[in-house]
Structure formats: C-alpha cells, structure tokens
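I opened this entry to record what I looked up, item by item. The model comes first, then my notes.

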Amino acid sequence: MKCTVCRGPAVIKTRHHNGKFCRPHFFEHIERQVRRVIERYEMLEPGERVLLGVSGGKDSMAAWDLLTRLGYDVRAVHIDAEFGPVSRRAVAHLRDFAAQRALPLRIYRYPELLGADFDAARRQSRKPVCSLCGTLKRYYLNQLALRLGCDVVATGHNLDDETAFLLGNVLHWQLGFLGRQGPVLPAEEGMVRKVKPLVRLTDDDTRRYVAARGIAVVSEPCPHARGATSRAYKRHLSRLEKEYPGSRSDFYFRFIEHVRAHLPDDPASAEVGVRHCRVCGYKTLREDRCYVCALRESVAAAEAAG
Ligand SMILES: [Zn+2]
Ligand SMILES: [Zn+2]
C-alpha cells in the first residue's frame, strides 16, 4: 500500500476520501479538510476567541488539537457531569493534554452552575438522561461563552453525527430541527455563533487521527449510553456509504447547500413566536423562563424542602 501523495509506504487508509496516506500526509489531509470547511462556511475569523466544548472523547480531542494547530485562540471548557469512573478518566486526559501543551482549560461541575449535582436536576426533569445532559451542555456552553467573552462556541460533531441527525429529522420531517441544522448557527440575541469544524471528518477519521497523534481519549460510551436510534442511523448510513461511497457526504452537504434555505420556518416557533428568558436572556419557546432557569428553580425548591 502506497501513499497517494508521496508514493512512500502508507500506514493509514481512509474509506471516506478513498485515500492511502503515510503518517505526515494523513495529518496534512485531515488538517486540510478542517481548514477548508472553516473557510467554506466562514466558521471562524483569525483573532476570534473560540470556546470549545471538550468531553475527553475522540472528536473533541481531535478538534482541540486541530484548531490549536491551525492557530485559533481556543479556550477549552469541560462540563463534568460526575458520572463516576468514566468522568474521572475524561478529566484526567483533559488535564494531561492541557498541561503538556500549556493550553487553557476550564472545568465546571453542576453544583457551581446549577446549584446542585446532575442527579438532583434529573429528579426534577422529565427529559430522558441523554436529552437533559445535552440540553444542559448546550445551555451552559453558550452562557459560559458570553461570560468568558468568547465570540463563538465550537463542538466536535463529525459527519457521522450530523448525517445520523439529518436522517432522523428527514424520516420524521422535523421541519424545525431541519431548518436549524448545519455546520454554522449564526449568532442571535442572547446566543453566540455555533460551529462544527469537524463536519467533513468521519468517526473513522477522528479515531485514527487521535491514535496516530498519540492523544489519550476516553473511548467507552457514556454510562447513560446515548439513544439506540442514533446509533442505528449511523450503522445504516455506514452500510450505505460502503455500497455507495460519497453518499453520506452528498446527503449532508447537498442538503446544507441546496435544500435548507427553501424550508419553511419552524411551525412550532412560528406559532408561539421566539421569546427570550426573563432571567438569563436565552432563546426559548416558553412563556417566561427558559427550561434551564425553570429547572434551576425547581432544584432549589426541592433542596430547600430537604
Ligand atoms: Zn506520503
Ligand atoms: Zn434562562
């Protein structure tokens, strides 16, 4: 097997772009994918402060490494839900990586954000664990970006994540979600810009990338394992990709470039109108306070009642 760039011995074969690479050319290839998608969708400007949400998994670690290499001013933030040994291992990997490279890293736990730990929040919430965890992370990454003076929030979502999400939304014609899906969500009142710079990379790409760079990551799934449906969508899409190479990337990028703009407005938000939380300013469809502010109040009330 020869490197498609230099004809030297190749050590990595990527299914997605059908390339074979020696180690240096694999790194170059991955960096180019990220640089190109950042430029194409105008995700980041030089000099902007980027808050990157890091979990200790392969995707966010790859994003941390790559954005730093590309010269961006990255402030890594980890929200530790304290889910036992896996969470402790994630924190250890993150601290090691930050220390080795002298990179800024802030770690927050729910007691300081929400006034109580995740379990207390979970007892007051009707959402499934994964959905609650995701809602809280999205909320706090946005609020922390505002508090820390960051211009944009970046996350490690990759092509597999995004196409699984897209497929789910297409199968059920979730117009509200479809209209808001994309590699960039522009800033709005109370909300900073959100970007996904790894959206051209696949699960395989980021797994191989962190391995080849020797970056330690947490590879076991969260103990509250994410919805079986999204894993099933990923599995079906990889099968399609194997049979029809390039279909995953066409499915996603053609949707973004040619379809999304023609979608009608989200029927739910058109009906009630978009509001802003009276407590924190976060965008919400709810009457008075956003979901997290209401949750924080019921957690406090439950704690006070003992
Ligand atoms: Zn090469
Ligand atoms: Zn709020």
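I began with His-25, which counts as buried because its relative accessibility is 17%; buried means under 20% relative accessible area, exposed over 50%, and partly exposed in between, with a 1.4 Å probe and protein chains only. This is a predicted model, in which local features need pLDDT of at least 70 and side-chain atom pairs count only at pLDDT 80 or more, while totals for chains, interfaces and linings use all residues. Residues are numbered from 1 along each chain as its sequence is written, chains are lettered from A and ligands numbered from 1 in the order in which they are written, and side-chain values use heavy atoms, with hydrogens and water left out.

Next I looked up what holds the zinc ion (ligand 1). Its protein donors are Cys-3 (SG), Cys-6 (SG), Cys-22 (SG) and His-25 (ND1), at 2.0 to 2.3 Å. Donors are N, O and S atoms within 2.8 Å of the metal (3.2 Å for Na, K and Ca); water is not among the atoms, so sites may look incomplete. I noted the spacing of these donor residues in sequence as C-x2-C-x15-C-x2-H. The four donor atoms subtend angles of 96 to 116°, so the arrangement is tetrahedral; for four donors that term requires all angles to lie between 85 and 135 degrees. I also checked Cys-22, which counts as buried because it has 10% relative accessibility.

**Zinc ion (ligand 2)**

I then turned to the zinc ion (ligand 2). Cys-277 (SG), Cys-280 (SG), Cys-290 (SG) and Cys-293 (SG) coordinate it at 2.2 to 2.3 Å. Along the chain these donors follow C-x2-C-x9-C-x2-C. Here the angles are 106 to 114°, which makes this arrangement tetrahedral. Is Cys-277 buried or exposed? I found it at 5% relative accessibility, so it counts as buried. Cys-280, at 25%, counts as partly exposed.

**Sheet**

I traced an open sheet of six strands, in the order 5-4-3-6-8-7, with mixed pairing. Strands (E, at least two residues) and helices (H or I, at least four) are DSSP runs, numbered from the N terminus. Two strands pair if DSSP finds at least two bridges between them. The edges are strand 5 (105-109) and strand 7 (184-185), each pairing on one side only. Strand 3 (residues 49-53) runs parallel to strand 4 (residues 73-80), and five bridges join them. Leu-52 stands opposite Ala-76 in strand 4. Four of the five residues of strand 3 are buried, so strand 3 is largely enclosed by the rest of the structure.

**Helix 5**

I placed Ala-120 in helix 5 (residues 118-124). It counts as buried because its relative accessibility is 5%. How far apart are the C-alpha atoms of Ala-120 and Ala-302? I noted 8.6 Å, although the two residues are 182 apart along the chain.

Notes. Four donors count as tetrahedral if all angles lie between 85 and 135 degrees; four count as square planar and six as octahedral if opposite donors are over 155 degrees apart and all others between 65 and 115; anything else is irregular.
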